[in-house]
2 protein chains.
Amino acid sequence: MDLKTLKNLTVKAETKIVLLVLDGLGGLPGEPGGPTALEAARTPNLDALAAGGVTGLVDPVGVGITPGSGPGHLALFGYDPVKYLIGRGVLEALGIDLELSPNDVAARGNFCTIDETGRVTDRRAGRLTTELCTELSAVLDSIRVEGAEVVVRPVKEHRFVVLFREQGLSDQLTESDPQRLKEAPLKVEARVPEAERTAGIVNAFIKQAQVLLKEKHPANMILLRGFSKHPTLLTFEQLYQLRAAAIAVYPMYRGLGKLAGMKALATGPTVKEEFEVLRQHWQAYDFFYLHVKGTDSAGEDGNFAGKVAVIEDVDREIPKLVGLRPDVVVVSGDHSTPAALKSHSWHPVPLLLASRWCRPDGVQEFSERGCLRGGLGRLFGKQILPLALAHAERLTKFGA
Amino acid sequence: MDLKTLKNLTVKAETKIVLLVLDGLGGLPGEPGGPTALEAARTPNLDALAAGGVTGLVDPVGVGITPGSGPGHLALFGYDPVKYLIGRGVLEALGIDLELSPNDVAARGNFCTIDETGRVTDRRAGRLTTELCTELSAVLDSIRVEGAEVVVRPVKEHRFVVLFREQGLSDQLTESDPQRLKEAPLKVEARVPEAERTAGIVNAFIKQAQVLLKEKHPANMILLRGFSKHPTLLTFEQLYQLRAAAIAVYPMYRGLGKLAGMKALATGPTVKEEFEVLRQHWQAYDFFYLHVKGTDSAGEDGNFAGKVAVIEDVDREIPKLVGLRPDVVVVSGDHSTPAALKSHSWHPVPLLLASRWCRPDGVQEFSERGCLRGGLGRLFGKQILPLALAHAERLTKFGA
């Protein structure tokens, strides 16, 4: 069902929906024949939700496809992740809480080292300290070029973000990063005629940066890539008639929620604090996206026990959530991150949906094995939100 | 996921993938309440692969759709079988190992009988012997027409293949076969203006054929249909960065592999010999397509026990395959061929995928009933290859 058709089916209601995203939730056995982290975790409260609800397995983007965080989240929010791509520049900007306007072209920057002939000798300038990155970003932020405002902000180590802000700029640009050593940084070129003005602005910026950084060896040059604009998405209010809020510790996930028109609520760093923020704002919104990062971080570190512990942390907060009497609770992830792989993976993600209108599927526990037998079967990520709306009685009949 | 997007995600790796196709693998019970051929067969080695891997059921083309061998295979190779159609002429040419260039228009030919008024009295000329077909094909091969080279090769009984070879020919032609008796062969007509030159060439060929065959009753005329060109497919190397080889006894399956850019390896006629060829060439390729025909032939003959025996033959070779330490093994079929139906059918095909990165699904045997409970769920044929690439760690993340 495409979004436009879905939009035409949405109706107002008093119901509330919670989308609880355990980042990188899906896993693999920690050892051959053993349980996954979700299966190993003691989760009486999630299991009770699963027993009273309905379960399934989700391919966030496609079968066999390993999703980045951007596509994984857009799919959970109901958008087609192949159609609405988020560029690296924009994602990086979201990750440092930088406000993006629809006019901005964002790029990811690296400080790098060039030799006296202008060739790159270190693409990361020896991974300079974040402190030095902050200082040099302030230098670049002072650059003025004709035709656009320029904003430069540090990220971490050698990484920074640059925004070019002016009406009518295009992100259809080639990258300046040659991606290998012993080559000079590339001139940024327009991929389409409409981008020529922007290419000129970007190249003028790079030229000035090189002059300002001349004596800053090893950080004596910059490389820019991932030129991208904010994808223009219809908001949750426009699409689904939902007043939506995002509760996330990391800026990037707040940023993804904001792309969908959610209000990002301030929260402390623990899972407990995130659920407390949910409780405090319960009356003001119809839809809450609550993001838990720890499951993914532990998976990326190969820390199976750590992932189990985060899942158990979340489970302890479930009674608080249930006590708020939400009409629909969805628990899933934006992708799998098995500790065994130490990375995102293509494996389908467990999904549970609890509401008074679920058809029982006999599944008694929230686990990969349980969800494989679930009543929702196998879904694509973008199909979850329509299901949540349906169970919240926020969709009318299709056709007469 | 469309092929272009998938192509952009592929990365080089050292891993090896084996796609073992048991033609017409899926079945129905031999008698009410009984097992299918796959279930009846003793397959300890395939069952062990299933127990350590993950299983599912495949609709090669679509739900309820009975696939021909062409679409069934293209889907297994990752191509959309509805988008990339292989015409009957091309398939027939592949089936006799005839090399096709992108310029060739191929057609399937029948020798037929016409009466003195020119009307068809037998569309198959009394199913003449293959020997006579070979002799008469040589006569037709001597025909010279203005504007194209003509190649005629015998197939079997009344069937032959004709190629029209010249730059710029079109396959958008109507057929000469009236498909019923007591009508005269039809003039071949252009379906689009660009095909008019080709139609003229084909009609000139038919006219000369009729003259040459005048005294050859009952094979005194020909009928042509299935005009088609080689579908231009991106190869396995271009799409997936895979050096791919095809091991198949029958020319048509080698031809299908070659369409996808696979190297067709010479093999003896037995299953054992095919696996021996796999072993001999193990180092030289990243991907092997190994085709077993016997399962389909037995199914087409209604020979349930014969199908069981071929499956057991294959099972005996599995230890040799496992001994090569492939990173991913996929076992499936291009369609079902239940002995009870004596034909291809629409029933979904059992699938097993074994690799170190499979998420356990609890299925202990490779069978229709086992695969119904499998962790891969229900898939379309074209989704198998992305899964194989993912498990072989040959796909990078989609989006940042």
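The model is predicted, with local features needing pLDDT of at least 70 and side-chain atom pairs counting only at pLDDT 80 or more, while totals for chains, interfaces and linings use all residues. Residues are numbered from 1 along each chain as its sequence is written, and chains are lettered from A and ligands numbered from 1 in the order in which they are written.

Let's start with strand 3 of chain B, residues 104-114. Strands (E, at least two residues) and helices (H or I, at least four) are DSSP runs numbered from the N terminus. Buried here means 20 or more other C-beta atoms within 10 Å of a residue's own, with C-beta atoms placed from the backbone. In strand 3 of chain B, 11 of the 11 residues are buried, so the strand is largely enclosed by the rest of the structure. Both faces are covered: D104(B) and R108(B) are among the buried residues on one side, V105(B) and F111(B) among those on the other.

Here are its partners; strands pair if DSSP finds at least two bridges between them.

| Partner in chain B | Bridges to strand 3 | Direction |
|---|---|---|
| Strand 6 (residues 159-165) | 7 bridges | antiparallel |
| Strand 7 (residues 221-229) | 7 bridges | antiparallel |
| Strand 4 (residues 120-122) | 2 bridges | antiparallel |

V105(B) has F164(B) of strand 6 as its bridge partner, G109(B) has L224(B) of strand 7, and I114(B) stands opposite V120(B) in strand 4. The hairpin of strands 3 and 4 of chain B has 5 residues between the strands, and G118(B) there takes a positive phi near 90°.

Now for the interface: 19 residues of chain B are in contact with 26 residues of chain A, contact being C-beta atoms, placed from the backbone, within 7 Å. Helix 14 of chain B gives the largest share of chain B's side, 4 residues.

How values were computed. Buried ≥ 20, exposed ≤ 12 C-beta atoms within 10 Å, placed from the backbone. Contact = placed C-beta atoms within 7 Å.
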